[in-house]
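Student: I would like to learn how to read pockets, cavities and surface patches in a model. Could we work through one case?

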Amino acid sequence: MNKPRTLSRNSQRSRRGIVLMIVLIVLLVLTFSAYTFTDLMRTHNVASDLTGQQVQARLLAESGVEAVRLFLMQTPATQSEVGGHYYNTLYFQARNVIPDVDLERVGNFTVLAPLVDEMGNLAAVRYGLEDESNRLNVNILPLADELVNEGGRTLLNALPGMTDDVADAILDWIDEDDESRPFGAERDYYEQLNPPYTCKNGPLDTVEELLLIRGVTPQLLFGKDTNRNGMLDAHEIGPQATATVMDPTAMAALTDETFDPLTEGSLDRGWAGYLTLYSQELNASELGEQRIFLNTDDLQTLHEDLNAVFGVEVANFVIAYRQADGDYSGEDEGVQANTITVDKLAPATRTISQVLDLVDARVEFPSPDGTEMLVLNSPFPLLAMGAYIDKMMDNMSISEGRTIPGRLNINQAPRSLLAGIPGITDEIVEGILSNRVEDPDANGLTPQKHETWLMTALVVDIEQMKMLQPFICAGGDVYRAQVVGYFEGGAASSRVEIVIDRTNPTPRIVFWRDLSHLGRGYPLDVLGYTYREDGLGGGAGAGPMGPL
């Protein structure tokens with residue numbers, strides 16, 4: 001009679017065990033679900049935080065761009081007082097925008113430009129701006145052809161690896177006609193390609209447009225610096241790549257003793273590193289006033305403007321020069337131009353080709369009674385050039401335009417581009433490199449403000465100067481830089497490349513390229529830290545200027 005009851009009890013215990021197991025399984029599933037949900041939420045939180053930091057990093061980079069614009073709004077004298085634009089850690093490295101008690105979340109921007117050796121190879125980076133006139137302006141090459149026979153090809157052939165056929169193809173692409181040059185390519189070539197397209201016969205819109213031209217390859221145009229950071233990174237060193245290690249002592253001489261070389265050696269930067277479409281100079285005096293246009297038809301206004309700046313002798317001589325049929329080449333002694341009275345209403349008979357045409361010039365002018373011709377001596381004697389040349393170049397111009405496009409900056413351009421200037425010699429190139437001052441703000445030297453320093457330094461004579469002057473300058477008013485917005489923890493960054501034109505009262509951005517897809521580009525200790533004192537690097541942003 002007791003056996004069935006025993007079976008019933010066992011059955012109840014079995015059912016209770018199954019229920020307990022089910023409860024444990026449910027608890028286990030719920031636990032794992034809660035863990036998965038928590039982990040997912042943490043991941044979403046991190047992603048959301050990173051997204052927010054990425055947006056902030058873009059704004060940090062934009063803050064840096066605006067800081068560059070603000071810097072370029074200042075006068076050259078004011079820029080020099082705060083360290084200049086060439087190499088300035090105080091203004092351009094690790095400028096703090098977002099302070100935070102958590103040092104990992106401190107947000108900065110840094111402004112960088114390539115530091116190149118005298119040949120134009122990438123040697124390192126510096127904290128500052130690159131003068132766009134250090135590069136060859138492709139769109140002015142047809143003008144070089146007008147000034148000198150095959151001047152455009154001569155300038156292009158200075159690029160490493162350039163050949164006559166590629167140079168002529170580039171010139172055919174940008175000139176206005178359909179006539180092929182000796183080694184070039186015009187419409188008939190491009191229309192036979194698959195797919196066909198038309199030769200532009202006009203100025204380039206971007207440097208990358210050169211890839212459409214026969215013979216131009218990505219390797220020639222961009223070189224080995226694939227992430228465009230001005231440094232030779234490990235992934236960019238191919239099996240055949242060679243590098244010449246840069247002497248740290250020489251590097252320090254270009255910057256200061258604390259600057260650390262950032263590359264394993266010189267680097268082929270490609271043609272893109274030598275070319276531009278934007279270089280130009282403001283045709284104005286150091287005070288920002290428009291230079292006196294010597295070739296104006298209004299001789300009365302010209303006389304008034306010259307008299308106000310230089311005095312009556314210069315004013316009279318320039319008017320007499322414009323009204324003369326030609327220069328006087330005889331031996332008669334001359335008189336000073338302040339002893340005559342010029343007819344400012346009489347028309348000019350010639351224009352002035354170069355400001356330097358006035359140096360040591362002599363012209364004939366009717367005497368006051370009209371009975372004889374007087375010889376007028378130039379108020380700009382060659383032997384006394386050092387006393388007036390800077391004032392002359394600062395205030396006179398043969399161009400009415402507000403800007404002068406495309407001339408090459410002899411103070412910073414690489415040797416390779418200098419060697420391509422039509423009419424230049426190896427001796428002149430060596431003279432330029434041995435006498436120029438790349439960064440006068442770094443050593444307190446007097447800036448070489450005008451290209452005519454070549455004469456006062458006895459690198460060239462006046463005839464050589466006249467030949468070179470249409471192609472050279474001592475600095476432009478358009479600047480290029482990379483701006484990196486970043487967090488010191490390294491979680492997010494944004495990198496842009498900009499070109500800013502300061503020929504207007506308010507500098508304007510003429511080129512903007514987002515490089516963020518190529519990565520931050522630079523180690524954090526190169527970009528700099530603002531507040532850290534743990535030996536990880538000290539940026540200049542925490543200096544006397546403080547955070548922005």
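Predicted model: local features only at pLDDT ≥ 70, side-chain atom pairs only at ≥ 80, totals over all residues.

Student: How is empty space found in general?

Tutor: Rolling a probe the size of a water molecule over the atoms shows where empty space is left. In this structure, the second largest pocket has a volume of about 480 Å³. Its lining is made up of 31 residues, and R135, R228, R480, Q482 and E497 are the closest to the centre.

Student: Which strands each supply at least two residues of the lining of the second largest pocket?

Tutor: They are β2 (107-116), β3 (122-126), β15 (478-487) and β17 (508-514). By class, the lining of the second largest pocket divides into 16 nonpolar, 6 polar and 9 charged residues.

Student: How many cavities of 30 Å³ or more does the count give?

Tutor: The count comes to 1 cavity. The residues that line the largest cavity number 15, and those closest to its centre are P114, V116, E130, N134 and Q412. About 140 Å³ of space lies in the largest cavity. Strand β2 gives the largest share of its lining, 3 residues. The lining of the largest cavity has 7 nonpolar, 3 polar and 5 charged residues.

Student: Now the surface. Which residues form a nonpolar patch there?

Tutor: The patch consists of I18, V19, L20, I22, V23, L24, V26, L27 and L30. Together these residues have about 820 Å² of accessible area.

Student: Where is the place of L20?

Tutor: L20 lies in helix α1, which covers residues 3-73.

Technical notes:
Residues numbered from 1 in each chain as written. Heavy atoms only, no water. 1 Å grid on protein atoms, 1.4 Å probe; cavity = no way out; pocket = protein on both sides within 12 Å on 5 of 7 lines; lining within 4 Å. Points joined across faces, edges and corners; volume = space filled by probe spheres on them. Helix = DSSP H or I, 4+ residues; strand = E, 2+ residues; numbered from the N terminus. Nonpolar A, V, L, I, M, F, W, Y, C, P; charged D, E, K, R; others polar. Patch = residues over 30% accessible without salt bridge, like charges linked within 9 Å, V, L, I, M, F, W, Y side chains within 5 Å. Areas by Shrake-Rupley, 256 points an atom, 1.4 Å probe, with all protein chains shown as cover. Salt bridge = Lys/Arg side-chain N within 4 Å of Asp/Glu carboxyl O.
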